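Colleague: I am new to this structure. Please walk me through how to read it, one feature at a time.

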Amino acid sequence: MLLTGAAIAAVVASLAACGGSGKAGAAGPQIQKEAALYEIDQIEKTWHRAASTHNLDLMMTTWAPNSSFTIGGATATGKSAIRAVLAAAGPFQPQNHWVSDTPAYKIRTTVNGDKGTLYFECHYVDVKTGKLAKVVGADQDVQKIDGKWLITNSVASSPTLKP
């Protein structure tokens, strides 16, 4: 009887320990922030995959419906207008066989609730010659819309190459 009581007490104690502590709950917001930063970073990966494969449809999955894109001093607003700008850009031209890459140490992301920022550089390398064809920096505002992080505003420019 004593042995049975001790076994039941041990099981109850171990189940109570599985309930967690206040510290586990405190980690929740940090885990959510890290998950959001990871999801925002996926925009950069999708961007470069799309540019490297001339996949304009894939590129457009990163943009919010009413987003804006400023490049060369001109601003395109809405996905249709942005698509037209990107379709005319060097990375999407059929004669250009460029691989789009970004130095990982230059990627910067922030998150605050359902909004954030993303900066990365696109280093377009000509596959045939191995030479750098173009460098573009993109400074973006992002937002979680209907459960997905999307670009709401992007400003692109030619950054100065430096480590």
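Modeller: Start with burial. Buried means under 20% relative accessible area, exposed means over 50%, and partly exposed lies in between, with a 1.4 Å probe and protein chains only. Threonine 46 has a relative accessible area of 14%, so threonine 46 is buried. Over the whole chain of 163 residues, 33% count as buried.

Colleague: What kind of model is this, and how are residues numbered?

Modeller: This is a predicted model: local features need pLDDT of at least 70, side-chain atom pairs count only at pLDDT 80 or more, and totals for chains, interfaces and linings use all residues. Residues are numbered from 1 along each chain as its sequence is written, and side-chain values use heavy atoms, with hydrogens and water left out.

Colleague: How many helices and strands are there in the chain?

Modeller: Helices (H or I, at least four residues) and strands (E, at least two) are DSSP runs, numbered from the N terminus. The chain has four helices and seven strands. Their order from the N terminus is α-α-α-β-β-α-β-β-β-β-β. Threonine 46 sits in helix 2.

Colleague: Which residues is threonine 46 in contact with, leaving aside its neighbours within four places in sequence?

Modeller: Contact means heavy atoms within 4.5 Å. With those neighbours left aside, threonine 46 touches Leu58, Thr61 and Thr62. For the chain, take the contacts with a separation of 6 or more: residues 24 or more positions apart account for 50% of them.

Colleague: Next, the core. Which residues have the most contacts inside the largest nonpolar core?

Modeller: A nonpolar core is a set of buried Ala, Val, Leu, Ile, Met, Phe, Trp, Tyr and Cys residues joined through side-chain atoms within 4.5 Å. The largest one here has 27 residues, and Trp47, Met59, Trp63 and Leu86 have the most contacts inside it. Helix 2 gives the largest share, six residues. Tryptophan 47 is in contact with Met59, Trp63, Phe120, Cys122, Tyr124, Gln140 and Ile151, leaving aside neighbours within four places in sequence.

Colleague: How do I read a strand?

Modeller: In a regular strand, side chains alternate between the two faces of the sheet. Take strand 3, residues 98-101. Two strands pair if DSSP finds at least two bridges between them. Strand 3 and strand 5 run antiparallel, joined by four bridges. Serine 100 stands opposite tyrosine 124 in strand 5.

Colleague: And pockets?

Modeller: Rolling a probe the size of a water molecule over the atoms shows where empty space is left. A pocket is an open set of points on a 1 Å grid over the protein atoms alone where a 1.4 Å probe fits, with protein on both sides within 12 Å along at least five of seven lines; lining residues have an atom within 4 Å of a point. Grid points are joined across faces, edges and corners, and a volume is the space filled by probe spheres set on the points. The largest pocket holds about 180 Å³. It has 14 lining residues, and the closest to its centre are Ile71, Leu86, Ala89, Pro91 and Tyr124.

Colleague: Where is aspartate 146, and is it buried or exposed?

Modeller: Aspartate 146 lies in the loop between strand 6 and strand 7. Its relative accessible area is 81%, so aspartate 146 is exposed. Its phi is positive, about 50 degrees, although it is not a glycine.
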